[in-house]
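Work through the exercises below with the sequence and the coordinates at hand. Each task is followed by a stepwise solution.

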Amino acid sequence: AGTYFKLAINRPGVTFNSNAANTVTNDLNVAGGTYALGANNLTVGLAANTNSGSIVVASGQSISQTAGTTTIATSAVGTATISGGIAGGTVTFFNLSFDKSTTVSTAATYVLGSTAGQTIRADGTLTVATGAGTGTATTTASANNPTLDVNTDVIINASGTLAAPGSSAFTVAGSWANSATFTHSSGTVTFDSTATGKTIAA
């Protein structure tokens, strides 16, 4: 396993393979090439680092993850952004989790997308408000309107808020479990599983 303060991948056309779980305590920037996580976990951000937890993947570059979980954390009243390049692009994870603030009565805020035309994709589960923090977590796609593509479940834990994109697609191929707050942003959530047995709770 490796721990980094800031991590930058910048060699277009080259794949950088991770052979263990990695932690980036500030921000991750994939400016060139592919960061291939395989089945390894990735943690980006740390409560002690103000406004940490951002992931930027430049247009035409990529993150790939075949299993495991990417966990995003930031400081109390901090903001982290997950974005796919100025000209638009897709950021792909397997399981994607957003941690609660570690300080009571404060929110950690996670902004999905930074401009039009981006896609945030989780091939596993998208979970809001994870971790042992005593604060809350808000994950929002309403400001920058990215496409959200979740290929298994969406889970909003207690103390969590998920705000949908206003006009871009939001697709879910699994179940939906909401124990806190979902803001629809006047958009549409499409459940597109081809399997039976999926559930929608709250």
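The exercises go from the whole chain to single residues.

The model is predicted: local features need pLDDT of at least 70, side-chain atom pairs count only at pLDDT 80 or more, and totals for chains, interfaces and linings use all residues. Residues are numbered from 1 along each chain as its sequence is written, and side-chain values use heavy atoms, with hydrogens and water left out.

**Exercise 1. Overall form**

Task: State the secondary structure content of the protein and compare its radius of gyration with that of a compact globule.

Solution: 
- Step 1. Count DSSP runs, taking helices as H or I of at least four residues and strands as E of at least two, numbered from the N terminus. The protein has 23 strands and zero helices.
- Step 2. Take the radius of gyration over C-alpha atoms; the globule rule is 2.2 Å times the number of residues to the power 0.38. For 202 residues the rule gives a value near 17 Å, and the protein's 16 Å agrees with it.
- Step 3. Classify by relative accessible area, with buried under 20%, exposed over 50% and partly exposed in between (1.4 Å probe, protein chains only). Buried residues are 48% of the 202.
- Step 4. Take contact as heavy atoms within 4.5 Å. Of the contacts with a separation of 6 or more, 58% join residues 24 or more positions apart.

**Exercise 2. The salt bridge**

Task: Find which side chains form the one salt bridge of the structure.

Solution: 
- Step 1. Search for a side-chain nitrogen of Lys or Arg within 4 Å of a carboxyl oxygen of Asp or Glu.
- Step 2. The search returns one salt bridge. R121 and D123 form it, at 2.6 Å from N to O.
- Step 3. Check the setting of R121: its relative accessible area is 32%, so R121 is partly exposed.
- Step 4. Recall the general point that side chains of opposite charge can pair when their charged atoms come close.

**Exercise 3. A137 and its surroundings**

Task: Is A137 buried or exposed, and what does A137 contact beyond its sequence neighbours?

Solution: 
- Step 1. Locate A137 in strand β15, residues 136-140.
- Step 2. The relative accessibility of A137 is 1%, so A137 is buried.
- Step 3. Leave aside neighbours within four places in sequence; the contacts of A137 then include F98, Y110, V128, A129 and S159.
- Step 4. Compare sequence and space: T109 is 28 residues from A137, yet their C-alpha atoms are 5.9 Å apart.

**Exercise 4. Positive phi**

Task: Where do S105 and A129 lie, given their positive phi?

Solution: 
- Step 1. Recall that most residues other than glycine have a negative phi.
- Step 2. S105 has a phi of about 65 degrees; S105 lies in the loop between β11 (95-99) and β12 (107-112) and is exposed at 72%.
- Step 3. A129 has a phi of about 75 degrees; A129 lies in strand β14, residues 126-130, and is buried at 4%.
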